Each structure stands twice: as structure tokens, then as C-alpha cells.
Amino acid sequence: MKTLTLKPGREKSVLARHPWIFSGAIARIEGEPESGETVLVRSSQGDPLGLAAYSPASSIRARMWNLKPEEIINSEFFHDRIKQAIQRRSNLIPDSETNAIRLVHAESDGLPGVVVDRYADVLVVQILTSGAEFWRETIVDALAAITGVRHIFERSDVDVRKLEGLPPRTGVLKGTDPGLVEIRENGLRFQVDIVHGQKTGFYIDQRRNRQRVGELAHGCEVLNCFCYTGGFSIYALANGAAKVTSMDSSKEALEMGRNHVLLNGLASDKAEWIEGDVFKVLRTMRDQGRSFDMVILDPPKFAPTAAQADRAARGYKDINLLGLKLLRPGGILATFSCSGGISAELFQKIVAGAAVDAGIDGRIVQTLTQGPDHPVALSFPEGAYLKGFIVQV
Ligand code: SAH
């Protein structure tokens with residue numbers, strides 16, 4: 001078998017069940033494995049540790065499939081892993097009011113590079129690494145067999161594939177073009193544009209946070225920044241918010257947001273939609289002396305990795321400062337970061353710094369994170385990317 005031998009001492013993280021092997025940890029590679037091929041990983045002493053997928057183009061040169069060198073990576077392996085991931089969800093989200101769920105969350109489900117979201121009767125798949133690419137047909141066949149879902153669509157149009165030397169890929173994998181799919185989330189109805197929407201179409205990782213923030217919005221005048229298709233806005237309106245102003249730079253997303261108000265039988269006259277750059281519009285609102293009882297900030301990833309952390313920190317501080325200034329006394333800031341490069345601790349410092357600069361006292365009344373269908377393997381802390389605070393001023 002083709003093998004990858006580690007440098008002395010570098011087996012430590014593998015034995016700690018961390019799935020990544022960086023190029024600098026490798027002493028030698030034998031047998032010229034091709035992109036994504038399975039390699040046997042050995043310690044510097046030659047002890048077999050487990051099997052991994054080889055990524056020749058990436059600085060994460062291999063990702064562990066298992067710690068069982070005797071196992072075989074084949075269709076049965078993927079079938080088992082996917083089945084287990086789906087079974088775990090059935091206890092976590094037994095809610096019949098929700099039919100949009102992440103079924104496979106990559107490393108944290110033992111399947112590096114594989115993300116699968118279910119939207120009603122459609123699966124959306126992201127294949128992110130060379131290893132996942134190598135097994136793509138096997139994975140898709142296993143998903144179809146296990147779930148019985150007939151329509152499977154690929155949305156591997158993400159930057160991380162570049163690091164693996166893989167081109168973006170989207171399209172039908174099974175069945176037909178899904179177009180717009182209607183989902184239910186905590187009993188609310190949303191349309192998901194699987195083909196053109198952001199990510200795989202919807203931010204399901206915010207499901208519980210939308211619910212919590214919605215509950216707090218009763219009677220409030222709410223400003224929802226980076227609203228996408230109005231997720232938080234619809235929850236706020238459904239929970240009796242007095243008025244919700246929603247802002248995004250995407251015209252298409254705002255159009256869908258407007259439709260979501262109607263789809264849920266909510267009052268259109270309580271919903272205002274603004275197309276624009278949040279950084280600019282918040283300044284204009286500040287200059288106009290506008291104020292709100294609740295401000296929601298759920299921006300896109302400013303720092304995908306730690307390398308962009310400094311610049312990202314300035315962006316987060318800017319919007320949090322502006323958001324805090326727009327709050328009435330006793331108001332609530334619901335603020336999020338989905339940047340892998342910004343830790344929860346750093347994010348808290350940024351928000352605290354923004355409050356100091358705004359001259360405002362605030363307290364965190366709740367800490368939020370990604371939903372339970374986006375688990376974080378204990379051995380893979382990198383999986384914790386979404387952090388949020390509910391701050392009362
Ligand atoms: N809260 C949303 C998800 C937000 S995703 C939900 O619950 O569904 C981030 C959104 O920010 C995207 O819709 C993107 O179009 C928007 N966006 C990115 N940069 C922006 C900017 N500078 N100004 C306004 N919107 C922006």
C-alpha cells in the first residue's frame with residue numbers, strides 16, 4: 001500500500017484523533033499516490049496509525065479517514081459513516097416542524113470534505129477536498145441509498161476547493177434541477193434557492209439562534225443587518241415585533257425576504273427592506289439619529305482563516321460600534337461571527353472594545369453557537385466557527 005511516514009513526534013496529533021496532517025509533519029511518501037487516494041499513515045517508527053486521503057496540492061497534505069490501518073476505505077465505509085451521521089441527527093432534531101437539516105458536517109462527522117444539507121426532499125452536497133472528490137460517486141450513491149432522496153444537487157462552488165487544486169463544481173448529481181424548494185424551520189416557511197443561493201441555499205446553522213432572537217423581538221423595533229432572505233426578520237415578525245427593517249446588499253435575497261413575509265401570512269407593512277452596504281447605511285442611520293430596540297448583525301465570513309484576522313477584527317468592530325450606537329437604552333444587540341479565524345474569546349474582546357468606544361455599558365445575556373446538526377468533534381476544535389452574543393445595553 002502507498003504510505004505516508006510522519007516525522008518523529010508528529011504522530012501526536014493523529015493519536016489525539018485530529019484529522020489533519022500538514023505537509024511539514026511528513027518525512028516521506030512512498031508509492032506516488034494520486035490526488036485523493038488512500039494512504040497508510042505510519043509513525044516515524046513505522047507503526048501503522050490509520051488511513052488517510054492524500055491531498056498533493058494542499059498544505060493540509062492528508063486527512064485521516066480512521067485510526068484502523070486494517071480497515072478498507074470503500075463504499076461500505078462511506079455507507080456506514082453517512083448512515084451513522086444521519087442516525088445521530090434523529091435524536092438531536094426530532095422536531096417535525098423542521099425539514100432543513102445538515103446531515104453530514106465534514107470532519108466532525110468523520111467525513112473530511114463532505115457536507116450534506118437536506119432541504120425537504122432535496123439533498124445539497126459539497127465536495128471540498130481531494131479525498132472527497134476521489135470518492136464522489138460512492139458518496140453520492142450512498143446518500144441516495146440511505147435517504148431515499150431522489151434529487152441531489154452539488155454546490156461545490158467554494159474557495160476552499162482552490163487550496164486543494166480542484167475547480168468549482170455545481171450541478172445535478174441525481175434527479176432533476178431542484179430550483180426553489182420550500183422548507184419548514186420551526187414551523188416557519190422559507191424558500192431556498194438551491195442553485196443560485198448562498199452556501200447551499202440557506203443558513204441552517206442559525207436555526208436555533210433565529211428562534212431565540214425572535215422570541216426576544218416581541219414588541220421591538222428591529223434592525224436586521226446582513227439579512228439574506230430575511231431569516232431573523234421572519235422570526236421577529238412571527239413573534240410580534242412592532243417593525244423590522246432588514247438590510248442586505250443582495251437584491252435577489254431581499255426579494256425572497258419580501259416573499260417570505262407573505263408566505264408566512266405576516267404583515268408586509270411592518271417589514272422594511274433596504275438594499276445597500278451595511279457599513280454605509282449604518283453610518284447614514286447614525287447621522288439621521290435613528291434608533292432601534294434590537295439590532296442584529298450576522299455578517300458574512302470576514303476572516304476564513306487566522307491570516308485575515310486583523311482586517312476582519314476592524315470590520316467587526318466597526319459594525320458593532322455602529323450597531324450599539326443605534327440602540328435605545330435597554331436595547332438588545334444580537335451579534336455574530338462565522339469566521340473560522342476569529343475565536344469566541346477574540347470576538348468577545350472586539351464587541352467589548354466597540355462598546356467602550358461607543359461609551360455604552362453592555363452585558364452578555366446569552367452566548368450562541370451553531371446548531372446541533374453542525375457538531376464540533378472534540379478532537380477538532382476548528383469545527384466551531386459560529387459564535388454569537390446577545391448583549392443588553
Ligand atoms: N442572517 C442571515 C444570513 C446572513 S449571510 C440568515 O439568517 O439567513 C450574510 C449576508 O450578508 C449575505 O446575504 C450577503 O449578501 C450579505 N452581505 C455581505 N456583505 C454585505 C454588505 N457589505 N452589506 C450588506 N450586506 C452584505
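Between domain 1 and domain 2, six residue pairs are in polar contact, with both partners at pLDDT 80 or more. The model is predicted. Two salt bridges cross this interface. Arg 63 takes part in a salt bridge with Glu 164. The closest N and O atoms of that pair are 3.0 Å apart.

The protein chain is divided into three parts: domain 1 spans 3-66, domain 2 spans 75-181 and domain 3 spans 203-392. The centres of domain 1 and domain 2, taken over C-alpha atoms, are separated by 25 Å. Domain 1 brings 17 residues to the contact, and domain 2 brings 16 residues. Together, the two domains bury about 1100 Å². Carbon and sulfur atoms give 61% of this area. On the domain 1 side, the greatest losses of area to domain 2 fall on Gly 36, Arg 63 and Trp 65. These three residues account together for 49% of what that side buries.

The ligand site was examined next. The ligand is surrounded by 15 residues. The closest are Arg 210, Asp 248, Asp 277, Val 278 and Asp 298. By class, the shell holds seven nonpolar residues, four polar residues and four charged residues.

For Asp 298, a polar side-chain atom lies 2.7 Å from a ligand nitrogen. For Asp 277, the corresponding distance from a polar side-chain atom to a nitrogen atom of the ligand is 2.9 Å. Gly 276 contributes through its backbone: a polar backbone atom is 3.5 Å from a nitrogen atom of the ligand. Taken alone, the ligand exposes 580 Å². The protein buries 90% of that area. Asp 277 and Asp 298 are also listed among the closest residues to the ligand.

How values were computed
Residues are numbered from 1 along each chain as its sequence is written. This is a predicted model: local features need pLDDT of at least 70, side-chain atom pairs count only at pLDDT 80 or more; totals for chains, interfaces and linings use all residues. Side-chain values use heavy atoms; hydrogens and water are left out. A residue is near a molecule or strand if one of its heavy atoms lies within 4 Å of it. A polar contact is a pair of N or O atoms within 3.5 Å; within protein, one must be able to donate a hydrogen and the other to accept it, and residues adjacent in sequence count only if both atoms are side-chain atoms. Accessible areas come from the Shrake-Rupley method with a 1.4 Å probe; for residues, only the protein chains shown count as cover. Ala, Val, Leu, Ile, Met, Phe, Trp, Tyr, Cys and Pro count as nonpolar, Asp, Glu, Lys and Arg as charged, and the others, Gly among them, as polar. Domain bounds come from an automatic or database domain assignment. Contact means heavy atoms within 4.5 Å. Buried area is the accessible area (1.4 Å probe) that two parts lose on being put together, summed over both. A salt bridge is a side-chain nitrogen of Lys or Arg within 4 Å of a carboxyl oxygen of Asp or Glu.
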